Amino acid sequence: MIQSILGLFYEDFVIGDEIKHALSKTIFESDNNLFSLLTMNYHPVHTNLIYAEANQHGKLLVVGTLVFSLVVGMTVPDISGKAIANLGYEDIKHLNPVFVNDTLYAKTKILAKRESHSKKDRGIVYVETIGYNQHGIAVISFRRNVLIKKRYD
């Protein structure tokens, strides 16, 4: 499937195709701290090095909803750049921990698509995205339905 920095029209999505997204992001301690503050997630495993070192992973964990937000953002140029709306997210799974200084990547598989029943200028694309770290280990997966514009000819 060809990537586009402006997004894809409904007709461009092919069931079974997989997009390896070009965007990536290294998560810095400042990213994790700011996100924790903004979202009022003050759990010490995200914000207290001494506490985190004394627990299961021995280092600061990145907030799971930050991982989710970043991976969704990485998909925008390819999946939802021409979207009218994200209709819903489902089956969000945190598969492995993410740590400060990990780098995230993402890929998305096109699972299904259908034309809108109510409006002819759009369709719904159903996709599954997997986020993975610099070692190729999957850290998050989720599915979503995206309402996407059709191409006008």
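## A charge over a ring

Let us start with a lysine and a tyrosine: the charged end of K113 sits over the ring of Y10, 4.5 Å from the ring centre. A charge counts as sitting over a ring if NZ of Lys or CZ of Arg is within 6 Å of the ring centre and within 35 degrees of the ring normal. K107 has such a placement too, with its charged end over the ring of Y132 and 5.8 Å from the centre.

A word on the model: it is predicted, so local features need pLDDT of at least 70 and side-chain atom pairs count only at pLDDT 80 or more, while totals for chains, interfaces and linings use all residues. Residues are numbered from 1 along each chain as its sequence is written, and side-chain values use heavy atoms, leaving out hydrogens and water.

## The overall fold

The protein has four helices and six strands. These are DSSP runs numbered from the N terminus, with helices being H or I of at least four residues and strands being E of at least two. Read from the N terminus, the order is β-β-α-α-α-α-β-β-β-β. Along the principal axes, the C-alpha atoms fill a box of roughly 60 × 30 × 25 Å.

Of the 153 residues in the protein, 37% are buried; buried means under 20% relative accessible area, exposed means over 50%, and partly exposed lies in between (1.4 Å probe, protein chains only). Among contacts with a separation of 6 or more, 69% come from residues 24 or more positions apart, where contact means heavy atoms within 4.5 Å.

## Aromatic pairs

How many aromatic pairs does a search of the whole structure find? The search finds four. Rings of Phe, Tyr and Trp (its six-membered ring) pair if their centres lie within 6.5 Å; planes under 30 degrees apart count as stacked, over 60 as edge-to-face, and the rest as tilted. The rings of F68 and Y89 have centres 5.3 Å apart and planes at 80°, so this pair is edge-to-face. Because F68 lies in helix α4 and Y89 in strand β3 (residues 83-94), the pair ties together parts that are 21 residues apart in sequence. F68 is buried at 17% relative accessible area, whereas Y89 is partly exposed at 34%.

Y105 and Y132 form a stacked aromatic pair, 5.8 Å centre to centre with 20° between the planes. Their pairing links distant parts of the chain, with Y105 in strand β4 (residues 103-115) and Y132 in strand β5 (residues 122-132), 27 residues apart. Y105 is partly exposed at 30% relative accessibility, and Y132 is buried at 13%. Ring pairs also link F68, Y89 and F142 into a cluster.

## A buried loop leucine

Is L60 buried or exposed? L60 counts as buried because its relative accessibility is 8%. This leucine lies in the loop between α3 (49-53) and α4 (64-80). Leaving aside residues up to four places away in sequence, L60 touches several others, including E29, P44, H46, A52, V98 and F99. L60 and I79 are 19 residues apart in sequence, yet their C-alpha atoms are 31 Å apart in space.

## The surface

The accessible surface comes to about 8,500 Å², and 55% of it belongs to carbon and sulfur atoms. Accessible areas come from the Shrake-Rupley method with a 1.4 Å probe; for residues, only the protein chains shown count as cover.
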